[in-house]
Amino acid sequence: MFTLVDLLQPDTIAEAYEVLMEKRNNGILGGCAFLRLGSSRIGTGIELSKLNLDYIIEQDEYIEIGAMTTFRSLETSGVLQEYFNGVISQAVSHIIGVQFRNVVTVGASVYAKYGFSDLITALLALETEVELYKGGRMPLLQFLEQAYEKDLLTRIFIKKSQRRAAYGNLRNSASDFPIVNVAVSCLDQVWRIVAGARPARAKIAVQASAALTAGNHNVDEIAAIAVEELAFGTNARGTAQYRKAVCQVLITRAIQEVLQCK
Amino acid sequence: MKSVGQGIGKIDGMAIATGKPVYTDDLVMANTLIVKILRSPHAFAQITKIDTEKAEKIPGVECILTYKDVPNARFTLAGQSYPEPSPYDRLILDRIVRYVGDEVAIIAAVDEKTALKAMKLIKVSYQVFEPVLDFETAQGHASVVHPEADLHCNFDIGMNQGQNIVSTQKVEVGDVEDEFKKCAFVAEDTYYIQAQAHCMMETYRAFNYLDHTGRLVVVSSTQIPFHVRRHLARALQIPASKIRVIKPRIGGGFGGKQTVVVEIFSALVTLKTGKPAKLIYDRKETFSCTNSRHAMRLQVKVGADTEGYIRAVDIQGLSDTGAYGEHASTVFMVVGQKTLPLYNKTRAVRFMGDVVYTNKMPGGAFRGYGATQGTFALEATINKLAEQLQMDPTQIRLKNLIKEGETSIAYHGKLLGSSSLHRCIEQGKKLIGWDEKYASPVVCGSKVRAVGMAVTMQGSGIAGIDTASAEVRLNDDGNYTLLIGSTDMGTGSDTILGQMAAEILETRMENIIVNAGDTDVSPYDPGSYASSTTYVTGMAVVKAAEELKQKIVEHGAKFLEVPPEYVEFDGEVISTLTSDREISLTKLAELMVLGAGNLQLVGQATYGSPVSPPPFIAGFAEVEVDRDTGKVELIDYVAVVDCGTVVNPKLARIQVEGGIVQGIGLAMYEEVRYGEKGNLETNSFMQYKIPCRKDIGNLQVAFEESFEPTGPFGAKSLGEVVVNTPPPAIAHAIYNAVGVRINSLPITPEKIFMGMIKNK
Amino acid sequence: MQIKVLIDQKPVTLRGNKDEFLADTLRNNGILSIRKGCDTSCCGLCTVWLDGKPVLSCNILSIRANGKAITTIEGVTQEAEAFAQVLVAEGAEQCGFCSPGFIMTVIAMKHELKNPTEAEIIHYLTGNLCRCTGYMGQLRAVKTYLGVQ
């Protein structure tokens, strides 16, 4: 369980960022689900409830999602169910339970770059951008790959389009962490294959995606290329060998699912 | 029957379901001290120095106790009748710590934050020893977990401290080696069952205070109030008469609370400070610092003749009891006791092996109590044998299982009083669709569906040992009080015992006040474990109610001035057979407590059974295995149950469904993992996955009633047997689906997947 | 720290530590229907409604509830008792420790979903663990309560 010396509920994002950067041990309080598992000693905890960041808005070109939007909002959002074959809603729907999803937030999960995250895998298969207060707006991929720098994640943007997508995962118990997860999408014959919980976080299988885009429709072969180029590891939930084998199956199925959808 | 056999709702149901404050932590008085425990970070070590000076100075800290502050007499924490078969190997706080989490210091403060702050300031130095972490290499390990000279055993259970052996057992009838030589078919295998965690929703907790006469009152989430009282007396070195133990509503136990886990620590604080104190274990402590199922390795060999009669069964076991020996020898004994009698065409049977100490959290009592582990190993081997014989697995059971009225060489001439197991198997086959499904697994794309099955037995109370007393009192206003010492942990035992009394007294449940679980008030009862409450306490209730009824008739007749044979009692009125005179029960009750009657009427009985009649279950599983990933979906599970007469069909059904799901958890989802240094990694619901709603598929439960002549209204028991069939039935179904035999639980998708690869 | 909330529609001032979660603050202020079953936000026993939505009170920082409406089982007595009666008739409350959190989730589901299928019911209730009943009796009770086949 973490401890707080002080607690602040700022009225503006600027204020939130300012206090965040004031001391090394000042921290953002997101959903707090993971925070309460550890024993961080936080100086000033910055609570973002007053910043009106809990929204999903359909703009002209993007779906804009505030950082304090809960997973349950993602799951039940009409907009997100309508686009990309509802892949975002599906991806988060397996996580623990409704009450848990009413607590955990988009911003916290994405900022933390969790390896096991189902959401990040799905987002990475779409054209997603994140906005950081200092770092500005950038593609999700760039954010995931850049070195850690303390900042405040405020919004994510998903480009609207006719992109088709599918999500897959393997879990033992239905409310457990995933053993491995995948997301596959396609727009105008350009494919993107993503795998996460490897146990490392979501990554794009670049070569496999390119091969599929180039016209190789031997799905088994594409999936095999994907798992060759991605790295898999062993942890309590599975060995590297098993993860790789299952990932290949999930990618095959996800590609087939996308090929079948409208 | 008007009460027995009815699906009556539990008398405490509405209160507990709507969140009324009736559990231990709801009853705590103001200004109660909070107790926390400092725990060993090492699996095996000796405390060389412990300094509490700084910690004691923190404002709000009331006391800090270490091994220097506690009595030096060893005891056991096991909830068992005295003299306990478990070793007296515990001290309240020991200088030697024997597992990661073992207690080092007791801290009491005005609130939790202060207690935790003080805990951080206690300085402890340890001399760390090489821990014994693998039970398969515990025997003869250089490290001796219990070297102390003052370890005491009430019985010779085969304790050999120097070898880390707690108990060595051997039971043999006939000559197994000889019989195997004659068998045409022999199947054998080795199985591993894990240290399953109870995961009852209410963690361990107790609070205590000194009452108006200076006695220690303990309110605890326990299954064993009388054993708690006895162990507290011994450990704290005060007379048992100075202790009162009360069990309020509790949130589940499953056997975990058949060990005295928290009570001694917080009681000690009250004795030292004079103040009320409470100790609540969080979920992490509940996982890692209490007790679990005994992990075991079982090697089973079964042999059959050419006609398919099973002639020999041999079970060799190794059980891991962890750092302390509660329930060690008895759980192990039950492995053979509740398996070997099943197949009674045998000419030789044997159960043997050892229980060892290791430097891990202790094993304890857990629903099934050895029969669960034994059932998995034996039934999996019988299924393997059936395949060799090319016999339908249900056929081999029907041919070889013991029937009502028969004996078994393991029974030494005693006859089985009741059984409908053969009907259970036939009924189960119908419900799952066995005949259509067994021979032909259905393939659809990458998925294969198949079925499997297993049978099991348990006991009803411990023969010759479990003894319960009950009292029924006729109150001045004509209703009754039923006094019992058994412990309803959610099962509804308070309710069904009330149903039994209501049946005998021919009255409504509303007229019976059930008072249970208070050692100052209740007649003696071992507590609810060993599947004894319905059968043993139930019989005591029946006899007590019958005695009271007899007295009502006698005294009613006296007032009517006729001999007792000339009256009848219908539950409300005592009337002469000629119907010319009558007296109401209400009037009789009123008169009996006044000068006219001069005798408040009470019925009392003590009952213990010389037999432990087994309940039986036939379990059938239908699974769907994804051949590409090894993932298993449970499609259907059928359990057909023989528990004798079903006292309350609604509650009985839930017992079976709940037990099956715990069995499913043991079979497929619950995994116990330790780190290299002996720390339990699976110490939360996040890491240790009990089945959630989506994990279980459909469950079908049916009852095939037999009639047990020695049981109340023909009832046996139900509480434990329900957990035993899923692991072997599911393992069997998976084998039938994809040809992979997994002998170590849990059966995970990866194990199946790797098994399929190996087969290629 | 002090927060002003509506508990079961009554304005209440709650006191607690800054880093305290709502479950502890509620219990410390006498609302004893709140149960804590785990330390990892996994079991659902502590479920309350925050502005009508079912949440884990063990995982809501009390400060986050400031100015909001909290509903516990004490605040939905009629609906809770109606469902509890069905649950008790099934025998499916068993030890009862998970029941209040479960009932809060069931009533929330009733408000949120129209004519749910069995699969939708199971999905909504997945975050409520139970070790006693094996879930089947709870499902029977829910279906009876919702008038679903």
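This section describes the domains of chain C, a sheet in chain B and a hairpin in chain A, all in a predicted model.

The domain assignment divides chain C into domain 1, residues 2-74, and domain 2, residues 76-146. Taken over C-alpha atoms, the centres of domain 1 of chain C and domain 2 of chain C are separated by 21 Å. Contact between the two involves 15 residues of domain 1 of chain C and 14 residues of domain 2 of chain C. On the side of domain 1 of chain C that touches domain 2 of chain C, strand E3 (residues 47-50) of chain C supplies the largest share, three residues. By class, this side of domain 1 of chain C consists of eight nonpolar, five polar and two charged residues.

Helix H4 of chain C spans residues 118-125, and its buried residues are Ile121(C), His123(C), Tyr124(C) and Leu125(C). The packing partners of the buried residues of H4(C) come from chains A and C. In chain A the partner is helix H5 (98-101), while in chain C the partners are helix H3 (99-112) and helix H5 (136-146).

Chain B contains an open sheet of seven strands with mixed pairing, in the order E3-E5-E1-E12-E9-E10-E11. Strand E3 (61-65) and strand E11 (243-246) of chain B form the edges, each pairing on one side only. Direction ignored, neighbouring strands of this sheet are turned by 20° against each other on average.

Helix H5 (residues 225-236) of chain B lies across strand E10 (216-220) and E11 of chain B, and H5(B) runs at about 150° to E11(B). Helix H6 (residues 263-273) of chain B packs on the sheet as well. The strands touched by H6(B) are strand E1 (33-39), E3, E5, strand E9 (205-210), E10 and strand E12 (277-280) of chain B. The direction of H6(B) makes about 20° with that of E9(B).

In chain A, strand E6 (residues 128-132) and strand E7 (residues 136-139) are paired in the antiparallel sense over four bridges. A hairpin through three residues joins E6(A) to E7(A). Among the bridged residues, Val130(A) has Met138(A) in E7(A) as its partner.

Key. Residues numbered from 1 in each chain as written. Chains lettered and ligands numbered in written order. Predicted model: local features only at pLDDT ≥ 70, side-chain atom pairs only at ≥ 80, totals over all residues. Domains from an automatic or database assignment. Contact = placed C-beta atoms within 7 Å. Helix = DSSP H or I, 4+ residues; strand = E, 2+ residues; numbered from the N terminus. Nonpolar A, V, L, I, M, F, W, Y, C, P; charged D, E, K, R; others polar. Buried ≥ 20, exposed ≤ 12 C-beta atoms within 10 Å, placed from the backbone. Pairing = 2+ DSSP bridges. Axes fitted to C-alpha atoms, helices over the stretch in contact; angles between N-to-C directions.
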